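Hi,

Here is the structure I promised to pass on.

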Amino acid sequence: MHCWFECIRCGKQYSIFDIIYRCEECDGLLDVQHDVKQLKRKSAQYWKRLFDQRTRTNEWPYGSGVWGKKEWVCPRIENRNVVSMYEGHTNCFWAERLGEELGIPDLWVKLCGNSHTGSFKDLGMTVLVSAVKQMIADGKPIRAVACASTGDTSAALSAYGAAAGIPTIVFLPKGKVSTAQLVQPIANGATVLSLETDFDGCMRIVQEVTKDQTIYLANSMNSLRMEGQKTVGIEIVQQFDWEVPDWMIIPAGNLGNVSALGKGLLMMRELGLITKLPRIVCAQAANANPLYLSFKANFEQYRPVKAKKTLASAIQIGAPVSYERAVKVLKEFDGIVEQATESELANAAARADRAGLFTCPQTGVALAVTEKLIKRGIISNKDRVVVISTAHGLKFSQFKVEYHEQTLEGIKSKYPNPPIVLPATVVAVRKAIDLAVKKMKRG
Ligand SMILES: *Cc1c(COP(=O)(O)O)cnc(C)c1O
Ligand SMILES: [Zn+2]
């Protein structure tokens with residue numbers, strides 16, 4: 001089974017074990033391509049059955065949600081070089097109460113944050129770090145793996161690197177990632193460089209530094225990660241017994257994840273596992289919305305923006321690397337791009353939490369956008385809607401604390417629920433309980 005890098009502009013091919021991130025001929029991005037002819041020799045039924053079987057296995061490495069689809073992901077990596085924490089297989093949560101409130105009973109939230117490092121980035125990092133392990137085993141002189149990050153990529157890289165014994169270097173914008181995100185690479189023994197710039201500034205520097213071929217670049221312009229991330233769409237369809245939902249709504253920053261989502265679904269269609277495609281919605285923070293602006297101009301013009309501060313810090317990106325890929329996907333999937341303000345995203349996250357979720361601010365953006373499309377009648381009450389939750393809310397606990405304390409700057413909390421401070425007397429407690437129960441009944 002084969003796969004290789006191929007330039008998305010001129011089609012030039014490279015080995016996936018070449019240390020290269022852009023085309024040498026034309027500077028285009030490189031995508032991993034698969035030998036579809038060979039994959040097509042097996043029937044759609046064969047693949048469905050194989051993937052279903054592996055969902056219940058523990059056999060290395062197929063028990064992983066990513067490596068259970070190894071033939072479609074990266075068949076060239078030997079099993080002994082796979083670095084996996086059995087990522088994937090995350091719950092697709094039926095958000096019954098939230099859906100009822102919003103008037104769409106068939107609402108689901110794919111909880112990609114219920115993963116080893118708490119975000120979907122694990123799906124891609126397992127593939128990239130496995131490839132590096134194989135390159136090192138084959139004698140390539142790689143000293144370390146590096147990435148710029150809005151937090152979650154560095155957490156994933158550090159954990160997988162530590163598990164494999166490969167040194168990692170992470171570039172973070174100083175003061176722009178949450179404490180929980182910062183402590184992950186620190187704990188995993190990465191070299192943590194905190195730079196006085198934003199994500200785009202970190203990205204420029206890491207690209208310079210990784211021109212030295214002994215430092216391997218782990219950012220999502222490296223499309224090995226997309227191969228792992230593309231399993232998310234396949235897994236969602238599998239979780240609905242191979243039925244395609246009507247909508248998939250995803251928070252979008254550097255645009256690697258939406259590109260991967262589209263890629264996985266298109267591969268399913270090409271290999272006959274599905275016939276229809278969902279509509280894809282990219283959800284952006286209004287403070288970091290280059291894709292939204294471009295969508296509004298029918299993708300005819302694209303300008304990077306200076307990303308402003310947003311609570312959805314993981315998508316505070318003004319110059320997304322995978323812009324071209326994402327536009328292709330949106331055109332193919334009858335896509336929509338919508339944005340959410342800081343107040344909208346914070347309140348949408350809090351509202352979802354009250355129905356049993358524990359959402360990160362990025363997921364808040366996706367939920368706020370979902371609400372807008374329902375109100376506008378674009379999403380109808382008969383539609384099956386899957387919101388892709390990209391990280392665990394625990395990574396953003398400060399955001400939640402401040403929301404409920406009502407100290408988030410410029411935001412009016414619609415659903416604050418601060419702790420009630422009382423003297424330690426039974427009388428005071430009884431009174432407070434009566435009040436609270438009344439309030440809950442009123443909703
Ligand atoms: C990385 C990340 C995103 C954005 O994904 P892109 O591929 O950069 O578009 C969204 N949410 C969270 C929590 C992330 O970590
Ligand atoms: Zn090229």
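Strand β3 (residues 30–34) is mostly covered, with 4 of its 5 residues buried. Bear in mind throughout that this is a predicted model.

The structure has 22 salt bridges. In one of them, the side chains of D31 and R325 meet at 2.8 Å, N to O. That pair links distant parts of the chain, since D31 is in strand β3 and R325 in helix α13 (residues 323–332), 294 residues apart. Both ends are buried: D31 has a relative accessible area of 12%, and R325 has 4%.

Helix α13 takes part in another one. R269 pairs with E332, with the closest N and O atoms 3.3 Å apart. R269 belongs to helix α11 (residues 256–270) and E332 to α13, so this bridge ties together parts 63 residues apart in sequence. Here the two ends are partly exposed, R269 at 35% relative accessibility and E332 at 42%.

Then there is K400 with D353, where the closest N and O atoms are 2.5 Å apart. K400 lies in helix α16 and D353 in helix α14 (residues 342–353), so the pair ties together parts 47 residues apart. K400 is buried at 7%, and D353 is buried too, at 17%. Separately, E101, R351 and E371 are joined into one network by salt bridges that share partners.

On to the packing. The largest nonpolar core has 102 residues, and W72, C74, Y216, L224, M268, I280 and L291 touch the most other members. Helix α5 (residues 121–137) supplies the largest share of this core, 8 residues. A second, separate core holds 41 residues, among them L111, I315, A355 and A366.

Helix α8 (residues 199–209) has F199, D200, G201, C202, M203 and V206 buried. The cover over them includes strands β6, β7, β8 and β9.

Finally, the surface: I420, L422, V429, I433 and V437 make a nonpolar patch with about 420 Å² of accessible area together. L422 is in the loop between α16 (397–405) and α17 (426–442), and counts as partly exposed at 38% relative accessibility.

Cheers

Note on methods: Residues numbered from 1 in each chain as written. Chains lettered and ligands numbered in written order. Predicted model: local features only at pLDDT ≥ 70, side-chain atom pairs only at ≥ 80, totals over all residues. Heavy atoms only, no water. Core = buried A, V, L, I, M, F, W, Y, C linked by side-chain atoms within 4.5 Å. Buried < 20%, exposed > 50% of the residue type's maximum accessible area, 1.4 Å probe, protein only. Helix = DSSP H or I, 4+ residues; strand = E, 2+ residues; numbered from the N terminus. Patch = residues over 30% accessible without salt bridge, like charges linked within 9 Å, V, L, I, M, F, W, Y side chains within 5 Å. Areas by Shrake-Rupley, 256 points an atom, 1.4 Å probe, with all protein chains shown as cover. Salt bridge = Lys/Arg side-chain N within 4 Å of Asp/Glu carboxyl O. Contact = heavy atoms within 4.5 Å.
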